[in-house]
Amino acid sequence: MITLTLAEIADAVGGRLAGADPSAQVTGTVEFDSRKVTPGGLFVAFPGEKVDGHDYAESAVAAGAVAVLASRPVPVPAVLVEDQLAAMAALARHVVDRLPSLVVVGLTGSSGKTTTKDLIAQLLTRLGPTVAPAGSFNNELGHPYTVLRADEKTRFLVLEMGARGAGHITHLCQVAPPTIGVVINVGVAHIGEFGSVDAIATAKGELVEALPADGVAVLNADDPRVRAMAGRTGARVVLAGEAPDAAVRAEDVALSGGRAAYTLVTPDGRAPVRLGIAGRHQVGNTLLAAAVAHTLGFPAEELGAALSELRVVSARRMDVFDRADGVTVIDDSYNANPASMAAALRALVGTGVGRRTVAVLGYMAELGEYEREGHEEVGRLAAELGVDRLIVVGDTAAPIHAGAAAVATWGGESVLVTDQGAAVATLRHELRPGDVVLVKGSRYRTWDVVDALRADGATS
């Protein structure tokens, strides 16, 4: 964060100082976990039912915090506010306003946000100091927390924007007004909260509506609902995708070993790309990243090579590793929705050409009335793609098992197991050298299966 006095912070957040020196300066990071406090930082004490941050105020100051952002008096220097979350948002906006040369890139979508954010950040780091959130820190807490990482040296701020309702993205854009907005796709993720895909599209489009007239909207040319958002912004529109009219597009896409190669076409020329990250769907993600980088002046002649060098950054997202026994594991276990499940299954089949393929699939959350249908679709797709072995984890995911079984032409087999431990036991009994295993599900500890596979492989 930029250096601010406690008086400036109190003014920015509408708070009052208690037992604090107005001229004391915060020179470090803003943290809400007292274990991460560093000298010169500011500790945000959130109240909670089980853990109350106010109880850690003294230890935070002992660790070097200059003061605590709190909602009730504490026995250390404090900035008192009514709402810590709102205060963080206000402080983040204050920091952005103090950094007029900062370029804010916001991105949203039903799936692929974190991966695309990581790809964009990797490219922009080559152009200048870049700040981006770790993992999927994309909500009303993670967003301002990331913004507060920016300082006078930061040139690019890349922000992933999640939403679970109308107005959420508008709020995040008010915290850090974007110069460039990227919309990846519109799908059924969180449809249980939105009610319809059209409502999801409306919410995602809040990002392009927030762009200034001199901003840029980078839109997925291959998603009709995203493409239609061009009519919702006064900013310049750049289409990216495989559509012939996309300004930044891929031609001659080919897949080998689960990884794509293509010819990158930009307004300034063409370049070969051979991706190092797994999955056919990464073509679209890398094109969006390329469009952002190109817009910000990345040399066109270097862009193809730079895209080829991109790698997985955030954990448990298409992380491919080989075990000592020859088993290949695709860890995409962080989260799941029907679209990301489909992309991961296609990556499994592409990676496993000539090898036996195994998919360990868990429950997909927040699908509402679409829950059963969404799970059944995933099962049917797995069977239609020819996945050899399907291990479905938990009764809540049982429709995946049913969907696969309904495909009469499928030559594979599916089994429904009770939990992650049963899935691990099944794999240990059945896996053989050369198999390719995909593990994916919403955040219900599906990754425990991956951790067991990794540990087994390390000792084999």
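Predicted model: local features only at pLDDT ≥ 70, side-chain atom pairs only at ≥ 80, totals over all residues.

**Stop 1**

Begin with the open sheet, which has 5 strands. Colour them in the order E2-E7-E6-E5-E4. The pairing is mixed. Now pick out the edges: strand E2 (16–18) and E4 each pair on one side only.

Zoom in on E4 and E5. These two run in the parallel sense and pair over 2 bridges. Select Val30, then look across into E5 for Leu42, the bridge partner of Val30.

Helix H1 (residues 6–13) lies across E2, E5, strand E6 (67–70) and strand E7 (78–80). Against E7, helix H1 runs at about 15°. Helix H3 (residues 84–97) also packs on the sheet, where H3 touches E5 and E6. The direction of H3 makes about 120° with that of E6.

**Stop 2: Val104**

Select Val104 in strand E8 (residues 103–108). Is Val104 buried or exposed? Its relative accessibility is 2%, so Val104 counts as buried.

Show what surrounds Val104. Leaving aside neighbours within four places in sequence, the contacts are Leu157, Leu159, Ala176, Pro177, Pro178, Thr179 and Ile180. Draw a distance from Val104 to Leu157. The two are 53 residues apart in sequence, yet 4.8 Å apart in space, C-alpha to C-alpha.

**Stop 3: the aromatic rings**

The structure holds 5 aromatic pairs. Start with Phe32 and Phe137. Their ring centres are 6.2 Å apart and their planes are at 40°, so the pair is tilted. This pair links distant parts of the chain, 105 residues apart. Phe32 is in the loop between strand E4 (30–31) and strand E5 (42–44). Phe137 is in the loop between strand E9 (130–131) and helix H5 (142–147).

Tyr145 has a relative accessible area of 10%, so Tyr145 is buried; the cut-off for buried is under 20%.

Now select the whole group. Ring pairs link Phe32, Phe46, Phe137 and Tyr145 into a cluster.

**Stop 4: two arginines over rings**

Select Arg317 and Tyr334. Arg317 lies over the face of Tyr334, at 3.9 Å from the ring centre. Then go to Arg454, which lies over the face of Phe321 at 3.9 Å from the ring centre.

**Stop 5: the cores**

Which residues touch the most other members of the largest nonpolar core? Select Leu219, Leu345, Leu361 and Leu390 to see them, within a core of 57 residues. Highlight helix H13 (residues 338–351) as well: the largest share of this core, 6 residues, comes from H13.

Centre the view on Leu390. Not counting residues up to four places away in sequence, Leu390 touches Ala359, Leu361, Ala382, Ile400, Ala404, Trp410, Glu413, Ser414 and Val415.

How values were computed
Residues numbered from 1 in each chain as written. Heavy atoms only, no water. Core = buried A, V, L, I, M, F, W, Y, C linked by side-chain atoms within 4.5 Å. Buried < 20%, exposed > 50% of the residue type's maximum accessible area, 1.4 Å probe, protein only. Helix = DSSP H or I, 4+ residues; strand = E, 2+ residues; numbered from the N terminus. Contact = heavy atoms within 4.5 Å. Phe/Tyr/Trp six-rings, centres within 6.5 Å; stacked < 30°, edge-to-face > 60°. Lys NZ or Arg CZ within 6 Å of the ring centre and 35° of its normal. Pairing = 2+ DSSP bridges. Axes fitted to C-alpha atoms, helices over the stretch in contact; angles between N-to-C directions.
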